[in-house]
Amino acid sequence: MSVRMPEADSAVLARRAAIVKALRTIVPGEGVIATEREMKPFESDGLTAYRQTPLVVVLPETTRQVSEVLAYCHGEGIKVVPRGAGTSLSGGALPLEDGVLLGMAKFNRIKEIDFDNRIAVVEPGVTNLAVSNAVAHAGFYYAPDPSSQIACTIGGNVAENSGGVHCLKYGMTTNNVLGCELVLMNGEVLRLGGKHLDAEGYDLLGLITGSEGLLGVVTEVTVRILQKAESARAVLVGFPSSEDAGACVSAIIAAGIIPGGMEMMDKPAIHAVEEFVHAGYPLDVEALLIVELDGPVAEVDHLIARVEAIAKACRSTTCRVSQSEDERLLFWAGRKAAFPAVGRISPDYFCMDGTIPRAALPRVLAEMKEMSARYGLRVANVFHAGDGNLHPLILYDSNKDGEVEKAENFGAEILKLCVAVGGVLTGEHGVGVEKRDLMPVMFSEIDLNAQQRVKCAFDEKGLLNPGKVFPVLHRCAELGRMHISGGKLPFPDIPRF
Amino acid sequence: MPDILKPRDAKEVEDAVRWALSHDKALEVAGHGTKRAIGRPSQTDITLDLSGLTGITLYEPAELVLSARAGTPLADIETLLEKNNQELAFEPMDYGPLLGGEAGQGTIGGVIAANLAGPRRIKAGAARDHFLGVTAVTGRADTIKSGGRVVKNVTGYDMCKVLAGSWGTLAAMTDVTIKVLPRAETQATVLVEGLDDARACAAMAAAMGSSCDVSAAAHLPDHVASYFDGLPNAEAATALRLEGVAPSVKHRKEVLAALMKPFGKVALLDEKESRALWRSVRQVKPFASEASRQRPLWRISTAPARGHEVAAAITPAAQMFYDWAGGLIWVAMPYGDEPDAASIREAVASVGGHATLVRASASVRASADVFQPQEPALAALSKRVKDAFDPKGVLNPGRMAAGV
């Protein structure tokens with residue numbers, strides 16, 4: 001593990017037996033896991049390059065237990081790492097040696113479905129797909145659809161503000177969550193939002209969403225559900241260059257069309273996927289677009305014709321419209337299998353997650369090609385083209401000496417490039433531990449301190465998921481101090497009336 | 001009269017806040033001041049007038065993004081977007097006429113600070129949902145940035161969300177980046193006439209739960225129907241808007257009309273009437289007239305299918321109508337100096353949601369809770385968030401609640 005985590009508190013490690021005993025009084029039976037062997041499955045999340053056995057694993061079943069566990073840890077100064085299904089790609093749920101791992105998997109009930117108000121109230125351990133499945137009989141679904149939706153949980157989606165291929169049109173988690181029950185590190189239980197829209201005061205729900213488990217533990221979530229579109233069709237378009245494909249994406253949006261999904265793949269990704277899935281992707285193109293239109297048949301037919309015309313004008317070499325639901329799903333099967341497909345052609349890979357202004361795509365791809373040659377590592381790209389979210393997959397072999405570090409450096413260089421062209425470090429996977437030390441590339445110390453002060457408002461002792469997101473941790477007392485300098489000012493420099 | 005500080009750039013905003021900090025002065029943060037009369041009355045020494053920070057600094061229609069200085073007039077932004085067949089999808093409403101001011105004023109910073117939205121809130125979200133990036137000066141005189149110019153971004157906390165709807169109490173925004181979207185090619189409205197409130201909420205729930213992709217749903221009871229534009233008569237009207245490309249609107253209009261038939265008499269509004277109607281809904285037209293402006297005005301957000309239950313618990317002497325499929329209720333109280341906060345809040349409490357007293361005299365606003373009071377633990381957390389940004393209370397202190 002090459003990432004430095006906060007130093008373990010030896011006093012906490014020394015008290016381990018007493019801590020386990022105290023936790024067992026709060027969560028009885030199998031809810032406390034303390035043997036090395038049984039804790040093994042919890043030692044990493046989706047970012048498997050980093051591993052750590054936690055101090056102890058606790059699997060509470062009720063909000064009251066969560067509250068009591070947190071209050072106990074708060075009182076005793078013990079760190080806590082919350083975890084949903086452990087699918088984070090950025091190490092957000094990486095355990096701490098001296099920290100309690102708080103697994104929320106037993107919070108797996110769907111508590112209420114209210115079609116009249118178009119909401120579902122679910123516990124955080126319910127999987128993303130289970131929400132859609134629970135309302136499918138009435139034609140509804142839950143819009144955010146991260147690729148891991150079969151496994152990832154709503155609680156984790158809230159923590160990471162998860163997106164998916166349809167978020168250009170339907171929004172990310174933050175646009176689809178109406179309320180939650182939240183337990184603070186000190187054990188206080190709060191309710192934010194509900195079945196109504198917008199906050200009565202500060203939008204704390206918006207702040208919680210995407211906070212990577214650093215502000216509180218969510219024990220219930222109210223999500224919006226939507227009626228499914230009447231129909232959907234996809235168009236598969238091949239281009240002789242990524243510039244042409246990018247221009248086509250811009251032209252589609254400029255024509256006033258917001259597709260349900262718009263995905264791009266580069267040549268290495270197309271080839272890896274086609275060998276794996278046989279989706280019928282053209283192999284003689286440099287870039288491939290999947291454009292999905294959804295809505296009533298009349299609307300989809302109308303828009304498909306316009307997209308085809310735009311694609312032709314953008315020098316597309318192939319253009320296929322799905323003729324059946326099976327064919328549409330086959331087009332997507334390739335894209336959705338892109339990560340495992342790349343996994344087949346390389347022993348290991350890192351998945352990066354920068355977002356860039358789309359106009360910068362040709363430059364970013366060209367520079368990435370140069371880096372690929374320089375590092376001697378292959379890279380394949382899949383791209384949420386509508387919103388500029390780029391997933392370069394860096395192929396490496398961890399059994400080769402020094403190759404992990406090389407891949408990490410390559411990844412860091414890509415993300416710095418994303419920021420340099422006006423983009424950001426992460427579009428949907430989160431900062432976690434993986435991109436933590438790159439935060440200063442995007443934020444000044446003043447920016448990061450302002451964010452940490454928000455953290456202090458929720459968790460004044462800094463016990464909840466420390467070591468994630470922020471590269472340097474400050475004590476809240478230190479951050480709270482005011483240093484007012486100067487103050488001579490604005491008179492007469494500022495116009496005054 | 002309080003003094004006014006009018007910075008010319010972001011650096012001068014920082015200087016002004018630093019000066020206020022060191023001289024123990026409180027600042028009223030304002031753009032055009034169109035929403036000045038919302039909130040607890042100002043307890044500030046000097047106005048920090050941000051209307052000098054103007055200019056659209058970036059507009060990339062194909063990337064659906066626009067950046068502007070916070071004091072840029074909303075009208076300038078909407079005009080530019082319209083030229084490119086784009087718009088702010090959240091349809092920010094205009095408080096100006098409701099509060100006795102002119103229509104069409106206001107800055108983009110004010111739109112965000114008040115988290116404005118219009119009828120399309122139920123489909124497209126509010127300002128919060130379109131607010132991508134910010135540079136702002138906190139009450140510590142720190143210039144901070146958050147977010148970016150890309151739509152998809154989870155790098156660090158989403159500070160944009162907490163600034164949206166914070167009414168200038170956390171930071172003075174200097175630059176903002178927002179998501180823009182294509183304007184729908186055309187629109188139409190399906191009307192169901194003569195429904196009572198409960199039946200109307202059920203009809204709106206059925207419409208919203210259909211695959212017709214309804215982009216706005218309002219119920220205009222008969223006592224206010226005549227104030228709205230575009231309606232064929234003064235009967236109660238339940239209005240459902242459809243937007244999109246022409247073949248799609250045509251198809252959905254037919255499907256929705258059939259779906260609504262069991263609820264009551266169905267009528268259709270063409271594009272022109274539909275636009276006129278929704279403009280008047282967006283601007284809360286019945287309660288903007290000079291006579292109506294004497295009435296205290298409440299804005300209630302609640303569970304949409306139960307909006308009528310909240311309304312039923314309010315005095316029948318009040319005037320009201322529903323937007324957001326029943327989830328937003330505008331209530332004009334009958335008597336000038338009596339907002340009757342206790343009964344309104346009780347009505348909301350029975351269903352869940354919140355009520356904001358958006359119009360009342362300064363003396364009433366000084367004594368009543370303008371924003372929904374919070375549970376003690378939540379109020380304490382809100383106060384700690386305020387302190388994280390503005391520990392000395394130099395920015396709009398007390399506007400949302402005592403100490404916040």
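Okay, let's start with a helix on a sheet. Helix 9 of chain A, residues 242-254, lies across strand 12 (231-239), strand 13 and strand 14 of chain A, and runs at about 20° to strand 14 of chain A. Helices here are DSSP runs of H or I with at least four residues, strands are DSSP runs of E with at least two, and both are numbered from the N terminus. For the angles, axes are lines fitted to C-alpha atoms, for helices over the stretch in contact, and the angle between N-to-C directions runs from 0 to 180 degrees. Helix 11 of chain A, residues 297-313, packs on the sheet too: it touches strand 12, strand 14 and strand 15 of chain A, and its direction makes about 5° with that of strand 12 of chain A. Two residues are in contact if their C-beta atoms, placed from the backbone, lie within 7 Å.

Before I go on, some housekeeping. This is a predicted model, where local features need pLDDT of at least 70, side-chain atom pairs count only at pLDDT 80 or more, and totals for chains, interfaces and linings use all residues. Residues are numbered from 1 along each chain as its sequence is written, while chains are lettered from A and ligands numbered from 1 in the order in which they are written. The pLDDT is the predictor's confidence in each residue, from 0 to 100, and chain B averages 96, with 100% of the residues at 70 or above. The model scores ipTM 0.97 and pTM 0.96.

In what order do the seven strands of the open sheet in chain A come? The order is 15-12-14-13-17-18-16, with antiparallel pairing. Strand 15 (318-321) and strand 16 (348-351) of chain A stand at the edges with a single partner strand each, so one side of each has no neighbour in the sheet. On average, neighbouring strands of this sheet are turned by 15° against each other, direction ignored. Two strands pair if DSSP finds at least two bridges between them. Strand 13 (residues 261-266) and strand 14 (residues 287-295) of chain A run antiparallel and are joined by six bridges; Met265(A), for one, has Leu288(A) in strand 14 of chain A as its bridge partner.

Chain A also has an open sheet of four strands, in the order 1-2-4-3, and there the pairing is mixed. At its edges are strand 1 (32-33) and strand 3 (79-83) of chain A, each pairing on one side only. Strand 3 of chain A runs parallel to strand 4 (residues 99-103) of chain A, with five bridges between them, and Val81(A) is partnered by Leu101(A) in strand 4 of chain A.

Now the inside. The largest nonpolar core has 287 residues, and those with the most contacts inside it include Ile394(A) and Ala172(B). A nonpolar core means a set of buried Ala, Val, Leu, Ile, Met, Phe, Trp, Tyr and Cys residues joined through C-beta atoms within 7 Å. And buried means that 20 or more other C-beta atoms lie within 10 Å of a residue's own; exposed is 12 or fewer, partly exposed is in between, and C-beta atoms are placed from the backbone. Leaving out residues up to four places away in sequence, Ile394(A) touches residues including Tyr349(A), Phe350(A) and Phe410(A).

Over in chain B, look at Leu48(B), which is in strand 3 (residues 46-49) of chain B. Why does Leu48(B) count as buried? Because it has 28 C-beta neighbours inside 10 Å. Among the residues it touches, not counting those up to four places away in sequence, are Ala16(B) and Ala172(B). The C-alpha atoms of Leu48(B) and Ala16(B) are separated by 7.8 Å, with the two residues 32 apart along the chain.

Asn161(A) has a positive phi near 50° and isn't a glycine. Asn161(A) sits in the loop between helix 6 (154-160) and helix 7 (167-170) of chain A, and it is buried, with 27 other C-beta atoms within 10 Å.

Last, where the chains meet. The contact takes 86 residues from chain A and 86 residues from chain B. Which helix of chain A gives the most to the side that touches chain B? That's helix 17 of chain A, with eight residues.
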